Protein chains: 2
Amino acid sequence: MSKEIKIEKKVLSENERLAAELRNKMVLNGVLSLNIVSSPGAGKTSLLENTLSDLKDEFKIAVVAGDVQTENDANRLIKAGGEWVRPLVTGGSCHLDARMISRALKNLDLKKLDLLIIENVGNLVCPSSYDLGEYMKVVVISVPEGDDKPLKYPGMFKRSGVMIVNKTDLLGTSDFSMKEVKKNARSINSDLDIIETSCSTGEGIEEWYGWLRKHIRRVRKKSV
Amino acid sequence: MSKEIKIEKKVLSENERLAAELRNKMVLNGVLSLNIVSSPGAGKTSLLENTLSDLKDEFKIAVVAGDVQTENDANRLIKAGGEWVRPLVTGGSCHLDARMISRALKNLDLKKLDLLIIENVGNLVCPSSYDLGEYMKVVVISVPEGDDKPLKYPGMFKRSGVMIVNKTDLLGTSDFSMKEVKKNARSINSDLDIIETSCSTGEGIEEWYGWLRKHIRRVRKKSV
């Protein structure tokens, strides 16, 4: 078992090295890079469909759409107006890593880019351990999943900068409490920004865009 | 990388050996052993609350409730009438393995037992690779997650014997199609039993109990 742990450590530190390289490239080019994580079916792709459709004239956006199997998400995002969308099929692996991202970005001109969005595999556990060189992790949870998720998957909420509570149109269909989910999330990470959205009704989507604009400006100011 | 793969193989084959031991014990004692898997928040615990509350006088049931963090699920199941419920907190790990189950069952008298239910960590990817010595995997998906999940996480649907489509009370709140989810699931695994349930309205719960009774009888007949 000790051998397994050593090699696991080595793999992770190689990942960190590659992630640091990626982060450096993004900062130098003034690109905001986000790693979107959630359970399967929380609404990552729907949120990105809205984002691409509404902001594609305002910003140059690239998306890497990760999935265990199928390129369905990437196809949905291209239909929504995504100009540069790459599917990244892991073929069984439960997370994306920095090497996969490096390869996926090979032919992308970062100089012209404002925003890189990486849609991770739907999984609240493993992706929390892999730095993809992002500026920030965005964790999406949805109302039907229940308000206890931050307590049960603390790693992901600890390592994210913003929590999007999606499918607010389903409030009232279960015992989910918005107050409770915020309390639970902030007990894990008191600095977490929180945005409530519904991709069906459009509620909160403008607030999400405001958040994106603010952080795109921040990253630009830091850039050389 | 080749070293990593070799050790991964060794860990998995050690897991298979322990799983085979567990399976043998269950068969000898006529115990139906189920490994319940799903995304976070699909309703595994709610389904088990109903099951324990309604069937506790009919069958001797034991539950191992796995979670990355918190013993909340185990506490809910004890409140629902569970006589033998053990929390299994992985502390970060994304799946349960056969060694954890062996340890958790140490003081359980299998001779008196009819049904062992293992509630896995909420994760549609990693738990599919770990045999826990179960008779069958039960995959729970819920209506709000979307009807594409079997295509995107095929490993889990391939290795399960029954799919429970939960939260049918939310049909109509999204573009989820029951026909589509069944078609997608059966394209991955044509032998899959499918049961539609709602833990809120009670719809389909009796069908689930019928399924349990049938398989408890089957396992008893095989037992020595």
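Which residue stands opposite A:Val140 in S5(A)? The residue is A:Ser38. The model is predicted.

- Chain A holds an open sheet of 7 strands with parallel pairing, in the order S3-S2-S4-S1-S5-S6-S7.
- Strand S3 (84-89) and strand S7 (193-196) of chain A are its edge strands, each pairing on one side only.
- From one strand to the next, the twist averages 20 degrees.
- Helix H3 of chain A, residues 72-79, lies across S3 as well as strand S2 (61-67) and strand S4 (115-119) of chain A.
- The direction of H3 of chain A is at about 155 degrees to S2(A).

**Strand S5 of chain A and its neighbours**

- Strand S1 (residues 32-38) of chain A pairs with strand S5 (residues 136-142) of chain A in the parallel sense, over 5 bridges.
- Within this pairing, A:Val37 has A:Val139 of S5(A) as its bridge partner, and A:Ser38 is opposite A:Val140.
- Strand S6 (residues 162-166) of chain A also runs parallel to S5(A), and 5 bridges join the two.
- A:Val140 stands opposite A:Ile164 in S6(A).
- S5(A) is mostly covered, with 7 of its 7 residues buried.
- Pointing one way from S5(A) are A:Met136, A:Val138, A:Val140 and A:Ser142.
- A:Lys137, A:Val139 and A:Ile141 point the other way, and they too are buried.

**Helix H8 of chain B**

- H8(B) spans residues 205-222, which is 18 residues.
- From first C-alpha to last, H8(B) reaches 26 Å, close to the 26 Å expected at 1.5 Å a residue.
- The buried residues of H8(B) are B:Ile205, B:Trp208, B:Tyr209, B:Trp211, B:Leu212, B:His215, B:Ile216 and B:Val219.
- Viewed down the helix axis, the buried residues of H8(B) fall within an arc of 155 degrees, so they line one face of the helix.
- Exposed residues B:Glu206 and B:Lys221 sit on the face of H8(B) turned away from the buried side.
- The elements of chain B against which the buried residues of H8(B) pack include strand S1 (32-38), strand S4 (115-119), strand S5 (136-142), strand S6 (162-166) and strand S7 (193-196).
- Helix H2 (44-55) of chain B is also packed against by these buried residues.

**Aromatic pairs**

- Over all chains, the structure holds 2 aromatic pairs.
- In chain A, the rings of A:Trp208 and A:Trp211 have centres 5.7 Å apart and planes at 20 degrees; the angle is under the 30 degrees that count as stacked, so the pair is stacked.
- A:Trp208 and A:Trp211 are 3 residues apart in helix H8 (residues 205-222) of chain A, and are therefore separated by about one helical turn.
- A:Trp208 has a relative accessible area of 0% and is buried, and A:Trp211, at 6% relative accessibility, counts as buried.
- In chain B, the ring centres of B:Trp208 and B:Trp211 are 5.7 Å apart and the planes are at 20 degrees, so this pair is stacked.
- B:Trp208 and B:Trp211 lie 3 residues apart in helix H8 of chain B, a separation of about one helical turn.
- B:Trp208 is buried at a relative accessible area of 0%, and B:Trp211 counts as buried at 6% relative accessibility.

How values were computed
Residues numbered from 1 in each chain as written. Chains lettered and ligands numbered in written order. Predicted model: local features only at pLDDT ≥ 70, side-chain atom pairs only at ≥ 80, totals over all residues. Heavy atoms only, no water. Helix = DSSP H or I, 4+ residues; strand = E, 2+ residues; numbered from the N terminus. Expected span 1.5 Å × (residues − 1). Buried < 20%, exposed > 50% of the residue type's maximum accessible area, 1.4 Å probe, protein only. Arc of directions from axis to C-beta. Contact = heavy atoms within 4.5 Å. Pairing = 2+ DSSP bridges. Axes fitted to C-alpha atoms, helices over the stretch in contact; angles between N-to-C directions. Phe/Tyr/Trp six-rings, centres within 6.5 Å; stacked < 30°, edge-to-face > 60°.
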